[in-house]
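Student: I would like to go through this model with you, one region at a time. Could we begin once it is on screen?

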Amino acid sequence: MFLIILLCFVIIIFLLRYNFFRLPKKGIIILLYHSVSSQKSNTSLDKFNISLEKFEKQIKFLKKLGYSAIKASETEHILQNKLYNKKKFILVTFDDGYKNNLEAAKILNKHGFSALFFISSAYIGKTLDNMPMLDENDIKLLIELGMEIGSHSHFHLKLSELSKNDILENVTRSKEILSQFTNVEDFAYPFGNYSDEVIDVLKKIGFKRAYIIGQSVNNCKYNPYILKRSIIRKSTNYLDLYLILTRGRSRI
């Protein structure tokens with residue numbers, strides 16, 4: 001009897017820990033990646049750094065489950081018309097602009113996927129978190145591979161802690177630099193940090209969508225300036241990924 005009670009307790013803890021108690025949700029899942037490399041940075045980035053091999057396995061997993069990669073500009077049409085009730089959609093995003101993202105883009109292209117790469121423009125061709133960043137030629141190659149780019153601000157600062165003038169300068173400068181490569185309509189808040197004032201600035205200078213770290217599924221009740229993304233970590237396994245895809249998050 002004790003063993004049965006213990007087993008039931010373990011099962012309950014497992015189900016709660018891995019969010020099985022949450023009902024599956026339909027909508028657009030937006031995944032958030034950072035660095036795709038086996039190289040350690042010896043910074044907090046290492047928690048989100050996955051190997052290229054693991055990344056490709058995850059993309060294959062998405063394909064096997066029947067997910068179709070979409071462009072950022074398609075989100076409005078899909079969400080407003082609830083097309084996610086008929087088909088599985090995924091939007092893959094990358095933050096910061098690490099140079100190894102180019103290798104991830106090649107894998108995405110190989111499997112018929114695309115992604116949206118958010119770049120902190122002050123670090124183009126430089127280093128961040130002890131990692132080399134995308135340079136101008138890399139960004140051009142991303143676009144040639146069918147990828148999209150968006151802004152992650154200029155200096156990668158918590159925008160809500162800045163004055164309105166500094167917010168405007170930081171965001172405008174980034175848009176001006178990145179618009180030299182392609183039309184830029186998407187913005188990812190550094191550290192997921194935002195405020196109504198930041199949103200007002202984004203609208204003013206022509207951004208159409210903005211993304212937070214929300215660990216949730218996006219449905220017809222969405223706000224285009226608070227699109228929710230689910231983080232992929234180094235520790236993310238197939239079970240985690242399945243729960244993220246069906247519930248927006250894996251573990252409590």
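Predicted model: local features only at pLDDT ≥ 70, side-chain atom pairs only at ≥ 80, totals over all residues.

Student: Is Ile30 buried or exposed?

Tutor: Ile30 counts as buried, because its relative accessibility is 1%, and the cut-off for that class is under 20%.

Student: Which residues does Ile30 touch, leaving out those up to four places away in sequence?

Tutor: Ile30 touches Leu91, Thr93, Tyr211, Asn218, Leu227, Lys228, Arg229 and Ser230.

Student: What separates the C-alpha atoms of Ile30 and Lys110?

Tutor: They are separated by 20 Å, and the two residues are 80 apart along the chain.

Student: Back to Ser230, then. Where does it lie?

Tutor: Ser230 lies in strand S10, which covers residues 227–231. Ser230 is buried, with a relative accessible area of 0%.

Student: What does the side chain of Ser230 reach?

Tutor: The side chain of Ser230 reaches the backbone oxygen of Gly248, at 2.6 Å. Gly248 is also among the residues that Ser230 touches, not counting those up to four places away in sequence; the others are Ile30, Leu31, Leu32, Gln215, Ser216 and Ile244.

Student: What happens at the start of H8?

Tutor: There, a side-chain oxygen of Asn237 reaches to within 3.0 Å of the backbone nitrogen of Leu239.

Student: New topic, helix packing. At what angle do H2 and H4 cross?

Tutor: The axes of H2 and H4 cross at roughly 30° and come within 10 Å. H2 and H4 are therefore roughly parallel to each other, as angles under 35 degrees fall in that class. The crossing is right-handed.

Student: Which residues meet there?

Tutor: From H2, Leu52, Phe55, Glu56 and Ile59 meet Glu103, Ala104, Ile107, Leu108 and Lys110 of H4.

Student: How do H4 and H5 cross?

Tutor: The axes of H4 (residues 101–110) and H5 (residues 136–144) come within 10 Å and cross at roughly 15°. This pair is therefore also roughly parallel, and its crossing is left-handed. Asn101, Leu102 and Ala105 of H4 make the contact with Asp138, Leu141 and Leu142 of H5.

Student: On to the strands. Which way do the residues of S7 point?

Tutor: In strand S7 (residues 148–151), Glu148 and Gly150 point one way, Ile149 and Ser151 point the other way, and all are buried. In a regular strand the side chains alternate between the two faces of the sheet.

Student: In what sense do S4 and S7 pair?

Tutor: Strand S4 (residues 116–119) pairs with S7 in the parallel sense, over four bridges. The bridge partner of Phe118 in S7 is Gly150.

Student: How many bridges join S8 and S9?

Tutor: Strand S8 (residues 186–188) and S9 pair over three bridges, in the parallel sense. Asp186 has Arg209 as its bridge partner in S9. Strand S9 (residues 209–213) is mostly covered, with four of its five residues buried.

Student: Last topic, the backbone. What is phi of Asp96?

Tutor: Phi of Asp96 is near 95°, a positive value in a residue other than glycine. Most residues other than glycine have a negative phi. Asp96 lies in the loop between S3 and H4 and counts as buried at 6% relative accessibility.

Student: And what phi does Asp129 have?

Tutor: Asp129 is not a glycine either, yet has a positive phi of about 55°. Asp129 is found in the loop between strands S5 (127–128) and S6 (131–132), and is partly exposed, with a relative accessible area of 29%.

Conventions
Residues numbered from 1 in each chain as written. Heavy atoms only, no water. Helix = DSSP H or I, 4+ residues; strand = E, 2+ residues; numbered from the N terminus. Buried < 20%, exposed > 50% of the residue type's maximum accessible area, 1.4 Å probe, protein only. Polar contact = N/O pair within 3.5 Å; in protein donor to acceptor, adjacent residues only side chain to side chain. Contact = heavy atoms within 4.5 Å. Pairing = 2+ DSSP bridges. Axes fitted to C-alpha atoms, helices over the stretch in contact; angles between N-to-C directions. Parallel < 35°, antiparallel > 145°, perpendicular 65-115°, else oblique. Left-handed = near helix turned anticlockwise from the far one by under 90°.
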